[in-house]
Amino acid sequence: MKTIYLALKYLAILLWTSFVALPFLWALTTSFKTANGVTGGATYIPWLQYKPSLEGWKVLVRTGGQGIDIVGPYISSAIVTLSASFLSLALGTLAAYGLSRFSYRLGFLKNSDITFFFISQRIMPPIVLAIPFFLMLQFLGLLDTIPGLILVYIALLLPIATWVMVDFFNNIPRQVDEMAMIDGCNPIGAFVRVILPNSLPGIAVAGLFCIIFGWNDFFFAFTLTFTKTQLLPVAVVALNSSVTPWWSLSASALVSVAPLVIIAFFVERFLSSGKMAGAIR
Amino acid sequence: MKRYFSLSVLIIFVVIGSINVHAKDYTKYGIEKDIPGECSYAAIDAKDYSGRTLNIITHAVPVMGEPTALHAKQFEELTGAKVNVVHVPFGDLFQRIMIPFQTGQNAYDVLFYGSLWIGDFNQYLAPVPEKYRNTKSMQEVTKNYRDVATWGDVMVQFPVDGDRHYLKYRTDVFDNPKMQEKYKKDTGKELRVPTTWEEYNEVALYFTGWDWDGDGEPNYGTAEVAKRDDLMFSAFISRAAPYAKNPHVKGGFFFDLETMEPLINTPGWVRGLELFVEAQKAFPPGGNNFGLGDEIFSFGGGQTLMSYSWDDAFIQAMQKDSPIRNKVAAAPLPGAAKVWNRKAGKWEEFDPPNRAPYITWGWTSAVSKMSKNKDMAFDYLCFFSNQANTLHDLQIGRFGVNPYRRTHFDPNFWIEKLGWDKNTATTYVETLSGMDDSKNRVFDLRVPGVGQFMSSLAAGVSKALAGQETPQKALDGVAEEWRQTVDRIGKDRVRAAYANVVALEDNKK
Amino acid sequence: MLKLNHKHFFLLPGLIVLVAIIIFPLLFTLRVSFSSWDVVKPGLDWIGGKNYVRLFEDMRFWEALSRLSLMAVGSVLIQYIIGFGLALLVWRDIILKRFVRVLFLVPMMTTPVIMSVIWRTILHESLGPANDIVQVLGFEPLNWLSTGGMAVLSVILVEVWQWTPFMFLLLLAGLLSLPDEPYMAAAIDGAGAFRTFFSVTFPLMAPISVGALLIRLIEASKLMETVYVLTSGGPGTATETSSYYIYIRGLRDYQIGYAASLSLTYLVIMIISLTIIAKVLTYKMARD
């Protein structure tokens with residue numbers, strides 16, 4: 001009985017692992033193909049089934065007409081994502097703590113409504129916001145700049161950070177705050193000295209979500225820039241021509257995923273060490 | 001000491017010598033030789049744009065995007081200017097250009113885009129100055145492509161490419177006596193390059209689902225661009241044109257110019273759609289979700305017998321390492337034996353079949369009216385399309401630069417430079433140049449809001465292809481949407497623009 | 001008059017920044033929805049409620065909306081079930097635990113628009129590996145993207161691949177923070193694995209489940225890039241979702257005014273239905 005259960009368990013894990021890995025393995029093998037390797041039907045093993053070539057990868061490092069420059073966009077993407085995530089986290093953590101500990105009334109709006117207002121910012125389909133955001137950044141003179149993108153990304157990421165952190169603070173007993181205040185802290189001091197150090201796991205999760213959503217946003221990075229500022233997804237999509245070069249697209253997909261996989265390892269550490277336990281509950 | 005002296009003198013001489021050679025020798029840029037002209041390498045080299053910046057928006061890499069960036073880099077080195085290039089997938093190119101135009105943001109100096117948008121963009125474009133219109137390379141651009149670049153009487157687009165739809169087929173099947181015999185035996189008909197779309201479907205269906213090229217994989221009859229928002233509307237126009245464009249009827253193909261009543265649901269168009277729906281039986285697996293890229297891989301990779309659309313699939317098939325190199329040929333698009341006459345309200349017989357070459361939109365370029373660098377921008381475009389560069393770009397399939405000057409229609413160029421077979425090169429050149437001579441040409445709907453008209457059309461055609469609606473009902477729906485769109489945009493505005501197109505089609509210019 | 005004190009120090013900075021960034025786009029969109037801004041007439045003329053009248057007769061929009069609710073709810077439920085299952089699988093010690101957990105997280109880290117392109121090559125019926133695999137397993141090749149029903153399933157498949165990790169992460173974190181006491185009590189009662197799950201684990205996980213389901217529903221409702229890349233809404237209109245339809249009207253057709261009215265209508269419908277869903281879920285979960 002136990003053996004069957006174990007076998008089933010590992011079978012399920014194996015199945016899902018293959019499903020998850022499939023696109024990456026396929027992208028890996030495709031990235032070494034040329035047109036002939038693609039048009040002959042699905043092939044998997046280089047040398048045996050197709051003649052491998054480095055063409056797909058070369059496109060990523062060549063500049064000057066011979067491909068796309070992926071280094072610049074990599075750096076811009078990192079700057080925009082990290083700055084916007086940091087600012088969103090800072091503002092979101094404060095707001096979430098407030099929403100979790102105090103009661104507010106803004107007109108007829110109570111705490112739960114305000115929380116919902118934050119989350120509701122993610123409901124709007126981004127398409128129509130393109131033109132108003134464009135006009136706004138034009139007015140501010142921030143089109144095609146990194147600060148402009150950071151500004152817009154805060155509107156995207158702040159709701160997520162707040163959502164995660166409200167749930168998190170709700171799970172920290174109020175006694176912790178009260179203890180701190182008995183020790184002579186004012187509410188702000190209690191937050192900084194006692195609550196914040198205890199919230200690192202929650203901040204890690206919120207930060208992870210911010211970074212993922214920021215790194216992968218395509219639409220605003222695309223509509224609010226011209227030629228000077230380019231983010232990674234936009235640079236990669238620049239390879240999606242009417243003749244789709246499957247090989248270089250695959251290579252760049254793998255390259256753009258890499259940094260976040262490293263982040264995944266860090267997050268897993270939090271999970272294993274149990275530090276994140278309660279981060280979301 | 002003396003030895004050192006003489007050595008350094010020698011070095012100096014060598015250095016000076018090599019500088020001298022370099023100043024004249026531009027072959028390091030990959031061209032064969034610089035061809036003298038207004039925008040030759042030498043002429044551009046003489047200009048100094050240092051300290052200035054040129055912003056360019058273009059298509060994704062490689063089609064058009066790669067040559068744009070390549071020549072931008074060369075332009076930088078020759079003139080000292082800084083050139084920024086951004087690459088955008090086709091589906092989003094329109095809005096990326098339109099939003100800055102409408103909001104008065106001077107975002108790009110030079111734009112590469114699909115020539116069918118001229119109706120929307122012309123008011124934001126700088127006319128091509130006389131100096132550039134009179135160059136020898138511009139004079140050699142064929143009439144079709146100068147027509148395409150012109151709005152009213154003003155040239156606002158800078159021709160950099162020639163595009164059209166034509167038929168591509170496998171000669172190793174059509175010219176193969178065994179196949180001809182087999183086809184005759186099974187169908188009782190001669191195997192020949194189709195002259196009507198009925199015949200096209202018939203031949204395609206016969207060659208579907210079996211391995212006729214002996215590579216172990218099943219082959220299919222036809223690869224077509226059928227994915228809804230992926231340029232499928234152009235494929236459909238190619239198919240419907242000979243049935244709906246009657247050479248005896250003037251005054252409009254998409255609309256009746258007088259009343260601006262849509263003609264899209266008239267019997268000729270419906271017939272075209274019926275045949276499109278029927279052709280799906282001869283598609284490869286997944287064929288009704290093929291975008292242009294898939295069509296190129298499918299025909300270019302040897303999966304299908306026939307295909308029609310832009311040059312790319314043909315060029316892909318003719319790549320040096322292609323398994324079907326020199327096994328393909330080009331022909332004009334099939335025609336129609338029965339053509340709808342909307343004035344008379346009846347079908348007319350045509351023998352030989354009626355042809356209506358579709359001068360499909362293609363890549364073009366322009367300079368923004370808002371640009372503060374118009375001189376530099378036009379110099380760039382002129383340099384991009386100078387003779388040496390064009391001859392170079394024509395030879396690289398993935399660049400998507402296709403013949404558009406009279407000098408390009410010489411079979412020997414393709415035979416000598418690219419090693420094409422005589423048959424392949426001749427049929428290619430004749431098919432392409434033949435379209436220029438036609439008196440029954442069809443152009444795109446070059447009016448404001450073309451995007452709305454074509455997306456309604458694509459949605460309707462797609463419904464019919466998926467079997468959600470009958471062809472007649474689907475096109476009735478399109479006609480209704482077109483009526484509303486015309487009303488919204490303004491009947492007179494659309495008519496005024498469409499009159500330009502009709503004038504071209506009716507050969508009034 | 002609002003009296004500022006320490007509690008405002010927490011909420012106001014975030015709230016003010018968010019409102020400052022979002023207020024103009026929102027009001028502007030509202031205004032645009034009463035204009036005829038399109039490709040030939042940029043600007044804010046006033047045409048009254050014409051766009052909204054047109055919208056009510058626009059069957060494509062309403063069909064897209066009902067299709068979307070099916071696809072969004074369907075894919076989120078599948079993600080939840082699989083995500084919960086996976087979290088339970090790797091909750092306790094297994095071999096290669098760290099590797100498996102990281103691997104399970106990875107799809108969420110990838111850019112949807114890029115991975116959709118990769119998926120399109122996988123599902124390519126002539127050139128991709130999907131049909132190869134299906135045939136090796138002894139089945140007939142499938143019409144992954146070329147028949148309506150299959151195309152919807154393919155879109156859901158890709159969505160499940162991409163976003164199950166989101167559920168997995170939230171649920172695994174929840175599981176790891178569960179207290180031990182209820183389990184000991186259950187063990188003393190002699191409860192089996194199934195009863196333990198339904199009487200202990202599931203109720204304890206209810207709050208986190210509601211949160212996760214809601215946020216995923218919000219995100220899944222914006223389903224567009226996958227559709228755009230995989231099928232362009234086809235075959236016919238089989239996979240056309242609200243966001244994709246708004247995209248077509250807004251940026252392809254460039255009917256900015258009309259698209260604004262579509263978006264705002266969508267926004268209102270979503271806020272109402274999400275509020276109802278949230279209430280129902282909270283109520284149900286609390287009762288269980």
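**Entry 1: a threonine in a loop**

I began with B:T103, which sits in the loop between α4 (90-102) and β3 (110-114) of chain B. Helices here are DSSP runs of H or I with at least four residues, strands are runs of E with at least two, and both are numbered from the N terminus. I found B:T103 buried, at a relative accessible area of 14%. Buried means under 20% relative accessible area, exposed means over 50%, and partly exposed lies in between, with a 1.4 Å probe and protein chains only. Leaving out residues up to four places away in sequence, B:T103 touches A:F134, A:L135 and A:Q138. A contact is a pair of heavy atoms within 4.5 Å.

A note on the ground rules: this is a predicted model, where local features need pLDDT of at least 70, side-chain atom pairs count only at pLDDT 80 or more, and totals for chains, interfaces and linings use all residues. Residues are numbered from 1 along each chain as its sequence is written, chains are lettered from A and ligands numbered from 1 in the order in which they are written, and side-chain values use heavy atoms, with hydrogens and water left out.

**Entry 2: the five-stranded sheet**

Next I followed α4(B) itself, which lies across β1, β2, β3 and β16 (363-367) of chain B and runs at about 135° to β3(B). For such angles, axes are lines fitted to C-alpha atoms, for helices over the stretch in contact, and the angle runs from 0 to 180 degrees between N-to-C directions. The open sheet has five strands in the order β2-β1-β3-β16-β6 (chain B), with mixed pairing. Its edges are β2 (82-88) and β6 (158-159) of chain B, each with a single partner strand, so one side of each has no neighbour in the sheet. Two strands count as paired if DSSP finds at least two bridges between them. Strand β1 (residues 53-59) of chain B runs parallel to β2(B), joined by seven bridges. Within this pair, B:T58 stands opposite B:H87.

**Entry 3: the four-stranded sheet**

I then turned to another open sheet of chain B, with four strands in the order β8-β11-β7-β12 and mixed pairing. Here β8 (220-223) and β12 (328-331) of chain B are the edge strands, each pairing on one side only. On average, neighbouring strands of this sheet are turned by 20° against each other, direction ignored.

Strand β7 (residues 166-170) of chain B pairs antiparallel with strand β11 (residues 304-309) of chain B over four bridges, and B:L167 has B:Y308 as its bridge partner. β7(B) is also antiparallel to β12(B), again over four bridges, with B:R170 partnered by B:V328. From β12(B), B:V328 and B:A330 point one way and B:A329 and B:A331 the other, and all are buried. Helix α11 (residues 197-206) of chain B lies across β7, β8 and β11 of chain B, at about 145° to β11(B).

**Entry 4: a buried aspartate**

Where does B:D311 lie? I found B:D311 in the loop between β11 and α15 (312-317) of chain B. B:D311 is buried, with a relative accessible area of 0%. Not counting residues up to four places away in sequence, it touches B:G162, B:R164, B:Y166, B:N402, B:Y428 and B:L432.

**Entry 5: helix α21(B)**

I checked the length of helix α21 (residues 471-489) of chain B: at 1.5 Å a residue its 19 residues should span 27 Å, and its end C-alpha atoms are 27 Å apart, which agrees. The expected span is 1.5 Å times one less than the number of residues. Among the buried residues of α21(B) are B:L475, B:V478, B:W482 and B:I489. Seen down the axis, the buried residues fall within an arc of 140°, so they line one face of the helix; the arc is taken from the directions from the helix axis to the C-beta atoms. The face turned away carries the exposed residues B:K473 and B:D487. Packing partners of the buried residues include α13 (267-279), α20 (450-465) and α22 (491-505) of chain B. After α21(B) comes B:G490, with a positive phi near 110°.
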